[in-house]
Amino acid sequence: MLTLLRKVFGLREPHPILRRNAQLFTDFNQGRPLHEYCFTVFDTELTGLSRRKDQLISIGAVRVENLQIIPGEQFHSLIRPDSIQPNSATFIHRITPEQLEDAPPLEDVLPEFIEFCGNSLLVGHFVDLDMHFLNKAAEKELGGSISNPSIDTMRLARRCQKAQNKDFYGGCDQSAACNLDALVEEFNLPKFKPHDALEDALQTAYLFLYLVKKFRQDGIATLKELYGAGRQRGF
C-alpha cells in the first residue's frame, strides 16, 4: 500500500540504507539501563542557520559505549555544498571555500555517517537543529529520514541547572546560559576547540556523560527516565 501511494504521489522509495536503518528500531526498548545503550555524539557545521536554504558542510561524531568515550571510534568529514562561496558563517567555523572544493559530496558522506551510527542513539547540543539538516539531507539524497532516536544535551543541562539553582522559596534562576561554551565553564569540563564538528562532538560527549552521571545520582537509570528528565520527545 505504501509503495502504491509513493507511485501515485511521485515519491522516491527510501534508499536501502534507510530501510536497514529503520529496521534497527522496529522493536526499540526505552526501558533498559543507560549503560546498555550505544550513543553517537555528533555535531555539524553549516553554511548558515537558515533551515530553508543552508546546508551541511561538516559532520563530526564520537562513540560512547558503557557510558565511556571509545578512543578511535570517531567520524569526521567535510562536505562539499552546492555553493562554496564564503559568508558570515565562514568567520565562525573557519572552513574555507578552498577546503570545501576537494571535500566529498553529501551523497557520499551521508550514507557513511548513517552506517557509522548503526543502532546507536544520537546525542547533540540543540540536537533539533542538527537533526533538521540531517533529515533534510537524507530526504534529498536518500528519499527518507533517519530513524535513530536523539537526545538533546541542552535540554538535559536546563534540567540540571534548574535542580542546582533552586532558591529558598523553590524558584529557579533562569538566567544561566545553555550554550556549549558556557556549560563547559559552569561544570568545569575539559575544553576542546570550538566550532569544529569533531571537537564539538567530543565537547558534547563530555557534557553528556557529566549530565548522565548527575541524573543517575538522582535515581534516573533508564533511557525512558532520561527522556522524562529532559522533557523531550523519545522514540
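Helices (H or I, at least four residues) and strands (E, at least two) are taken here as DSSP runs, numbered from the N terminus. On that basis the protein chain has ten helices and five strands. This is a predicted model, where local features need pLDDT of at least 70 and side-chain atom pairs count only at pLDDT 80 or more, while totals for chains, interfaces and linings use all residues. Residues are numbered from 1 along each chain as its sequence is written, and side-chain values use heavy atoms, with hydrogens and water left out.

First, the confidence. pLDDT is the predictor's confidence in each residue, from 0 to 100; its average over the protein chain is 87, and 85% of the residues score at least 70. A contact here means heavy atoms within 4.5 Å. Taking contacts in the protein chain between residues at least 6 apart in sequence, 68% of them link residues at least 24 apart. As for burial, 47% of the 235 residues count as buried, where buried means under 20% relative accessible area, exposed means over 50%, and partly exposed falls in between (1.4 Å probe, protein chains only).

The five strands make an open sheet with mixed pairing, in the order 3-2-1-4-5. Strand 3 and strand 5 (150-152) sit at the edges with a single partner strand each, so one side of each has no neighbour in the sheet. On average, neighbouring strands of this sheet are turned by 25° against each other, direction ignored. Two strands are said to pair if DSSP finds at least two bridges between them.

Strand 1 (residues 38-46) and strand 2 (residues 56-65) run antiparallel and are joined by nine bridges. Within this pair, V41 stands opposite V62, T44 faces I59, and T40 has R63 as its bridge partner. T40 also has a bridge partner in strand 4, namely L122; strand 1 and strand 4 run parallel, with three bridges between them. Nine of the nine residues of strand 1 are buried, so this strand is largely enclosed by the rest of the structure. C38, T40, F42, T44 and L46 point one way from strand 1, F39, V41, D43 and E45 point the other way, and all are buried.

Strand 2 is mostly covered too, with nine of its ten residues buried. Its antiparallel pairing with strand 3 involves seven bridges. The two strands form a hairpin with two residues between them, and N66 in the turn has a positive phi of about 55°. Further along the pair, I59 stands opposite S77, a residue of strand 3 (residues 68-78). S77 counts as buried because its relative accessibility is 13%. Apart from neighbours within four places in sequence, S77 is in contact with I57, S58, I59, P104 and V109.

Helix 10 (residues 223-230) lies across strand 4 and strand 5, at about 40° to strand 5. For these values, axes are lines fitted to C-alpha atoms, for helices over the stretch in contact, and angles run from 0 to 180 degrees between N-to-C directions.

Helix 7 (residues 153-164) has twelve residues and should span 16 Å at 1.5 Å a residue, which agrees with the 16 Å between its end C-alpha atoms; the expected span is 1.5 Å times one less than the number of residues. The buried residues of helix 7 are T153, L156, A157, C160 and Q161. These cover an arc of only 140° around the axis, which puts them on the same side of helix 7 (the arc is that of the directions from the helix axis to the C-beta atoms). Their packing partners are strand 4, strand 5, helix 8 (180-186), helix 9 and helix 10.
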